[in-house]
Amino acid sequence: MFQRPVLQVLRQFARHYSEGSTNLVLERSLNRVQLLGRVGQDPVLRQSEGKNPVTIFSMATNEMWRSGESDTSQQSDVSQRTTWHRISVFRPGLRDLAYQYVKKGARVFVEGKIDYGEYTDKNNVRRQATTIIAENIIFLSDYVKEKE
């Protein structure tokens, strides 16, 4: 039923949880995101002074469901909701590939972790930002066109 790594994580959690001691216990955790969707804008490469360069692009994922009573009935309406994600690529080789080959409209699979941050906008207002830090990108579109 469960894959081997999942069982190992569950066993480790159960072991630490059942010990009930007051000692600090370092336990494993998981921050993993997998997205399959389409690129919303061509990527941009940004570099702030004293910081590592980053390639950034947006990505849309769609959720679809039937609002009727039956999954097979043609009378039910299909609803759809699009969610936009901000993808940041810091890893040097992947960052350059993403900047060069990711294109608006391309279908991609992105694997990474979710990051919650804060920044101050140009009006000096503190804002929250959610970003997916990409660790792997698989290009699924039939065409790959290099930037000129």
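**Fold, burial and charge pairing in the predicted chain**

R127 is partly exposed, with a relative accessible area of 41%, where partly exposed lies between buried (under 20%) and exposed (over 50%), computed with a 1.4 Å probe and protein chains only. Residues are numbered from 1 along each chain as its sequence is written, and side-chain values use heavy atoms, with hydrogens and water left out.

The secondary structure of the chain comprises two helices and six strands, taken as DSSP runs (H or I of at least four residues for helices, E of at least two for strands) numbered from the N terminus. Along the sequence these elements follow the pattern α-β-β-β-β-α-β-β. Of the 148 residues in the chain, 25% are buried. The chain exposes about 11,700 Å², of which carbon and sulfur atoms supply 47%, as computed by the Shrake-Rupley method with a 1.4 Å probe. Among the contacts in the chain with a separation of 6 or more, 59% are between residues 24 or more positions apart, a contact being heavy atoms within 4.5 Å.

The buried residues of helix 2, which spans residues 92–101, are L94, R95 and A98. They lie on the same side of helix 2, because they cover an arc of only 105° around the axis, the arc being that of the directions from the helix axis to the C-beta atoms. The cover over these buried residues includes strand 2 (44–46), strand 3, strand 4 (78–89) and strand 6. Strand 3, residues 54–66, contains S58, which is itself buried at a relative accessible area of 17%. With its neighbours within four places in sequence left aside, S58 is in contact with R38, V39, G40, Q41, W84 and H85.

Five salt bridges were found in a search of the whole structure, each defined by a side-chain nitrogen of Lys or Arg within 4 Å of a carboxyl oxygen of Asp or Glu. One of them joins E135 and R32, whose closest N and O atoms are 3.0 Å apart. This pair links distant parts of the chain, with E135 in strand 6 and R32 in the loop between helix 1 (4–19) and strand 1 (33–39), at a separation of 103 residues. Both partners are partly exposed, E135 with a relative accessible area of 29% and R32 with one of 42%.

The loop between strand 5 (107–120) and strand 6 holds N124, which adopts a positive phi of about 65° although it is not a glycine. Most residues other than glycine have a negative phi. N124 is exposed, its relative accessible area being 65%. In strand 6 itself, residues 126–139, I138 is found, and at 38% relative accessibility I138 counts as partly exposed.

Key:
Predicted model: local features only at pLDDT ≥ 70, side-chain atom pairs only at ≥ 80, totals over all residues.
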